[in-house]
Structures are given as C-alpha cells and as structure tokens.
Amino acid sequence: MPQNKETAKMKTHDYGKYAPTYAELGMDGPNYLAFRDIPKLIQKHAKGMEALDYGCGAGRSTRFLKDLGLHVVGVDISQDMLEQAVSRDRSTSYYNIQSEQLPFESERFDIVFSSFVFLEISTKKEIEKIFLEMMRVLRRDGVIIVITSSMDVYKGNWIGFKYDFPENNRDIQSGETFKLQFQGTEIILYDYLWTDEDYKQILDRLGLRIVEHHKPLGYDTDPVEWLDEKKVSPVAIYIIKKVQKRTKH
C-alpha cells in the first residue's frame with residue numbers, strides 16, 4: 001500500500017522539537033531491553049576500545065558506551081540533539097555531520113555503534129551509503145553493532161511505546177512508515193520498516209556479513225514488567241563484520 005500524501009509530507013522525526021525530551025530518556029523501561037545485552041555482545045565480538053556512536057542523538061547511547069570503558073566519540077546530523085548531548089557530557093567529543101559523511105581517517109574504530117538510526121532512513125540507497133562509510137572507518141577486525149526495531153514491532157503491545165494507531169492497521173511493506181508514540185511523552189514519530197532481508201542484501205553487496213542476529217526477550221528477572229516483550233522481541237540487534245578475504249598461499 002503506498003503511503004498517503006499526508007504521511008509522506010510529514011516530518012518523520014522532529015529533532016529540534018523533541019531534543020530536550022529525548023535528552024531526559026534513560027535506559028530503563030523499553031530501552032532497557034534494547035541495551036541490556038550489549039555489554040555481553042561487545043565482549044563476545046569486539047576486540048578494541050575505540051568506538052564511534054553513529055547517530056548519537058542527545059548522547060544517551062554515547063554515555064552508555066563510555067560507562068562500559070570504551071573511548072567513544074559521537075556523531076549526529078542534528079545540532080539540536082548534539083547540544084543536549086554536550087550539555088550532559090562535556091568530556092566527550094561530538095561532531096555534527098551530514099548523513100554518510102564522517103570526519104575521520106579510514107580504519108579508525110574498533111566498534112561502530114548505531115542505535116535506532118536506520119529506521120529513520122527513507123531509502124535503501126542511503127542505508128547502503130551509511131554502511132559503506134561505517135565500513136571505511138572500521139578496522140579490519142572491527143565490528144558494527146546496529147540496534148533497530150524488529151519486523152514485528154508495530155504489531156505488539158509493548159511497555160513504553162504505543163503503536164495502536166489506525167495508520168498501522170495494515171500489512172506494512174518494506175520502505176513504508178508506521179506511527180509510534182513514546183508513552184508518557186509528546187514524542188510521535190514515523191519510522192521506516194526495513195526487513196531482515198533488506199539488511200542482508202545491502203550488507204552482502206558491500207562485503208559485510210551478519211555474524212549474529214540477536215532478538216532480546218524480556219525476562220522475569222528484569223526490573224521491568226514486560227508485556228509482549230516476553231514472547232516476541234520488538235528489537236533487532238545486528239552484529240556485523242567485514243568479510244575477510246582469504247589469502248593465497
């Protein structure tokens with residue numbers, strides 16, 4: 001189903017308007033599930049300490065990585081969001097960038113981290129360009145970690161996020177948007193749906209591979225009273241590495 005004209009013209013993410021609210025969001029509630037397993041995944045797949053937070057927003061994810069002991073720099077396309085990040089952490093370097101353009105030398109980072117960025121990208125072509133730039137600044141044995149929404153996110157009943165809108169009452173296709181609201185806030189967004197197959201095809205073309213596709217579920221032992229999160233994950237975490245070419249002997 002094609003997007004209606006109203007949704008197509010809408011600003012999907014109003015960074016200037018919502019930046020102060022974003023800055024107050026913590027790692028509890030729904031965000032707890034997205035980040036809970038990241039320390040173990042980093043320990044399992046990453047080797048170095050130099051990290052780039054691509055699409056750092058108001059710096060929540062950057063501070064999270066920094067608390068893990070990593071040496072982190074953050075980049076984002078929104079100056080409004082970066083101002084919020086700097087106001088909360090003046091000891092970290094933050095850079096305002098254009099999409100898919102990074103001001104760093106090649107093979108600078110051991111980890112390129114990106115949380116809830118690709119669901120804001122409107123075309124596969126731009127997604128591919130971003131991955132290509134991530135790949136450029138990533139060291140040979142480095143890892144890209146992407147947190148995004150799962151393909152089932154708009155169908156579930158989740159803690160913290162509302163997806164029960166008439167606009168979502170359809171079979172949403174790859175590249176189409178769906179509406180969501182952060183519970184308890186005025187933040188309303190329109191995210192793009194990109195499928196597991198979309199990511200796989202893009203990464204294959206670039207010489208990248210998914211080494212782990214993690215779908216975290218809510219546990220009874222978590223400090224959150226989960227709803228559908230205990231049965232199906234609203235989150236998809238991709239662990240991505242460069243395809244290593246075999247040398248001839």
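Start by selecting helix H2 (15-24), helix H3 (30-35), helix H5 (60-67), helix H7 (124-137), strand S7 (177-182) and strand S8 (188-192): each supplies at least two residues to the lining of the largest pocket. Helices here are DSSP runs of H or I with at least four residues, strands are runs of E with at least two, and both are numbered from the N terminus. H3 gives the most, with five residues.

You are looking at a predicted model, in which local features need pLDDT of at least 70 and side-chain atom pairs count only at pLDDT 80 or more, while totals for chains, interfaces and linings use all residues. Residues are numbered from 1 along each chain as its sequence is written, and side-chain values use heavy atoms, with hydrogens and water left out.

Now select Ser115, Phe116, Val117, Leu119 and Glu120, the closest to the centre of the largest pocket among its 44 lining residues. The volume of this pocket is about 730 Å³. (On a 1 Å grid over the protein atoms alone, a pocket is an open set of points with protein on both sides within 12 Å along at least five of seven lines, a cavity is a set where a 1.4 Å probe fits but cannot get out, and lining residues have an atom within 4 Å of a point. Points are joined across faces, edges and corners, and a volume is the space filled by probe spheres set on them.) Colour the pocket lining by class and you will find 28 nonpolar, ten polar and six charged residues.

Next, show the open sheet of seven strands, ordered S3-S2-S1-S4-S5-S10-S9 with mixed pairing. Strand S3 (94-96) and strand S9 (208-214) are at the edges with a single partner strand each, so one side of each has no neighbour in the sheet. Zoom in on S9 and strand S10 (residues 235-242), which pair in the antiparallel sense over six bridges; two strands pair if DSSP finds at least two bridges between them. Here His214 stands opposite Ile237 in S10.

Finish by colouring by pLDDT, the predictor's confidence in each residue from 0 to 100. The protein averages 90, and 87% of the residues score at least 70. Select residues 1-9, where pLDDT stays under 50. Where pLDDT is low, the predicted coordinates should not be read in detail.

Methods. Contact means heavy atoms within 4.5 Å. Ala, Val, Leu, Ile, Met, Phe, Trp, Tyr, Cys and Pro count as nonpolar, Asp, Glu, Lys and Arg as charged, and the others, Gly among them, as polar.
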